[in-house]
Amino acid sequence: MEDFGITLSINSRLIEATVHPHIEGETTYYDVTTDDFSISIYKETMYTWAAIDDAGFSAEEIQTIGEQLNDY
């Protein structure tokens with residue numbers, strides 16, 4: 001899986017990020033890195049996203065980030 005760039009919309013802010021997808025077992029993780037933060041998220045269920053470490057984000061914010069990655 002290739003790294004890719006994305007502009008995320010989080011709390012009405014547009015944030016440039018690099019995403020490193022990788023598979024561990026049966027789970028695909030997305031390591032999202034920006035100038036301000038890094039977070040590793042994964043699809044917990046068919047409709048919900050979760051993070052290994054929330055990096056200060058709420059569950060709703062993590063869900064928003066994940067939904068923006070659905071097309072990748």
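Guide: Buried means under 20% relative accessible area, exposed over 50%, and partly exposed in between, with a 1.4 Å probe and protein chains only. Here Phe-37 has a relative accessible area of 12%, so Phe-37 is buried. Phe-57, at 13%, is buried too. The model is predicted: local features need pLDDT of at least 70, side-chain atom pairs count only at pLDDT 80 or more, and totals for chains, interfaces and linings use all residues. Residues are numbered from 1 along each chain as its sequence is written, and side-chain values use heavy atoms, leaving out hydrogens and water.

Visitor: In what order do the five strands form the open sheet?

Guide: Strands of a sheet pair through backbone hydrogen bonds, either parallel or antiparallel. In this model the order is E1-E2-E3-E4-E5, with antiparallel pairing. Strands (E, at least two residues) and helices (H or I, at least four) are DSSP runs numbered from the N terminus, and two strands pair if DSSP finds at least two bridges between them. The edges are E1 (4–10) and E5 (49–51), each pairing on one side only. E3 (27–33) and E4 (38–43) share five bridges; Thr-33 has Ser-38 in E4 as its bridge partner.

Visitor: How are the rings of Phe-37 and Phe-57 arranged?

Guide: A pair of aromatic rings is described by the distance of the centres and the angle of the planes. Rings of Phe, Tyr and Trp (its six-membered ring) pair if their centres lie within 6.5 Å; planes under 30 degrees apart count as stacked, over 60 as edge-to-face and the rest as tilted. The structure holds three aromatic pairs. The centres of Phe-37 and Phe-57 are 4.8 Å apart and the planes are at 70°, so this pair is edge-to-face. Phe-37 lies in the loop between E3 and E4 and Phe-57 in the loop between E5 and H1, so the pair ties together parts 20 residues apart in sequence.
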